[in-house]
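Hi everyone, thanks for coming.

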Amino acid sequence: MSARSVRRGTSAVAILLGVAIFLGINYLASRHWARGDWTKTQIYSLSEQTKKILAGLKTPVRVTVFMTPDAKTYQQVRELLSRYQDASPKIEVEYLDPRRNLARAEALVKEFGVKQSTVVFRSGDRKKYVEEDKIADFDFSGGPMGGGGSTMKSFKGEEAFTSAILAVTEQRQPKIVFTTGHGEAPLDSGDRGRGYADAKQLIERDNMTVGTWSSLGKADLPADADVIVVAGPQTAFLEPETGALDKYLAGGGHAFVMLDPVLPGAGAPPADLGMKPVLDRFGLKLGNDLVVDPANALPMVGAETVLANKFGTHPIVRSISAAGLPVIFPIVRSITKAEKPPDGVAEAMLVETSPEGWGETDLKGLETGIEKGPGDTPGPVSMAVAVGGDEKPGAKTPRLVVVGNSRFATAGYLANGANGMLFANILHWLAGSEKQIGIPPKTPEQTSLTLTDTQIQRIAIAAVAGLPALAVLLGIWVWYRRRD
């Protein structure tokens, strides 16, 4: 057998072996594959909470993406929803371009009343709309007046989509009831620092309903309330009200109490705002002080505004701590857990100051300046506390969260830092909806390249003349090597 025949045979075998390996790799890849997320902030990676929810789906969820391909969030939405589909066969996705399928788009608008750049989630006869402003936050500082386009500050797609899936698949919606009659800020007001319209919208978006309880002088709480919220009363609760709230908690009820500092003056309510009997049940200490933290001072604002970035390990704040986000309290008092909690009751610090912070107790001398004194509450100062453990089958466990500030959740403040996350996580934990805790927004990486006019001209010359010249030189080199 000639050497040439051997080479040909060897080449044929090598080619066949290469083809077999190629086909084998593709077969294995089709059966055992994994998706990666190469973005720096992992904006397309699903959280463990979302994976658990998708794994537990019992009914199909139909998703209609009502967007044009050039929409600002289209690519991010498409990639994220593909991850949802990979995680669960119950997720069915349809992409509807209103420009290419006008009739179908008009039918969708007529059926659901939606507008463009909306994602619709449906399961059975329940539906939930996620509009573009719920998917991402944008910075428009580079808009028409700034000479550039908008940039995406944060991507909230997973939080919004998972919440929508829960909204259309869960059978019951928890009811959050706010007390009224003590000067609490109104639920429907969007005035900065004076209303909870943004908080109400957040609650409803997270598959919960909102109600009110005019508690003044009443001894019975609404029977359908899952969580009672006391949001910044300006006058004290009366004994029948605190008695009803204390009885409610003793029976396994859940409450969220936000109490602002009470500054001395004519007509000022008592420092505890009548809530001492409720707090005493769990040994909680409400400080008559104003918390300051020079180590975390914010520029251009007063010392009474506290930037808090020290968190406990409770599920309410675990995701906030992991995301490295701060909570900003416009004005806050201390609330401290009991040194020895009652039997069977677990208590946890949620948010505290740095060791350099303190609780200023000389409230009458605030106008002359704030200075740490021997009678002040020493740091680190606790500003939020959670009481209660895991729910046990057949038994109701009381749950209580107390925060020394209410304005952090009002309009104009809820969007600051992790304020909205803290507010929502507290309500989810109190309502027993822990599945929705821990899905923080993600910041997409913004990569840009700035070139001068000279650099652009050089690139153009290289593209027009350099590449052809390179081809000519390569041809001359090949000719030179083969000329013999």
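Let's start with helix α11, which is mostly covered: 12 of its 12 residues are buried. Buried means under 20% relative accessible area, with exposed being over 50% and partly exposed in between, using a 1.4 Å probe and protein chains only. Among those buried residues are Met-421, Phe-423 and Trp-429.

Quick background: this is a predicted model, so local features need pLDDT of at least 70 and side-chain atom pairs count only at pLDDT 80 or more, while totals for chains, interfaces and linings use all residues. Residues are numbered from 1 along each chain as its sequence is written, and side-chain values use heavy atoms, leaving out hydrogens and water.

Back to α11, residues 419–430: from first C-alpha to last it reaches 17 Å, close to the 16 Å expected. That expected span is 1.5 Å times one less than the number of residues. Just after α11, Gly-432 has a positive phi of about 80°.

Now, how many helices and strands does the protein chain have? We get 12 helices and 20 strands; these are DSSP runs numbered from the N terminus, helices being H or I with at least four residues, strands E with at least two.

Look at β7 (residues 175–180) and β8 (residues 209–214), which pair in the parallel sense over six bridges. Pairing takes at least two DSSP bridges. Lys-175 sits opposite Thr-209 in β8.

Finally, the whole protein chain: 44% of its 484 residues are buried.
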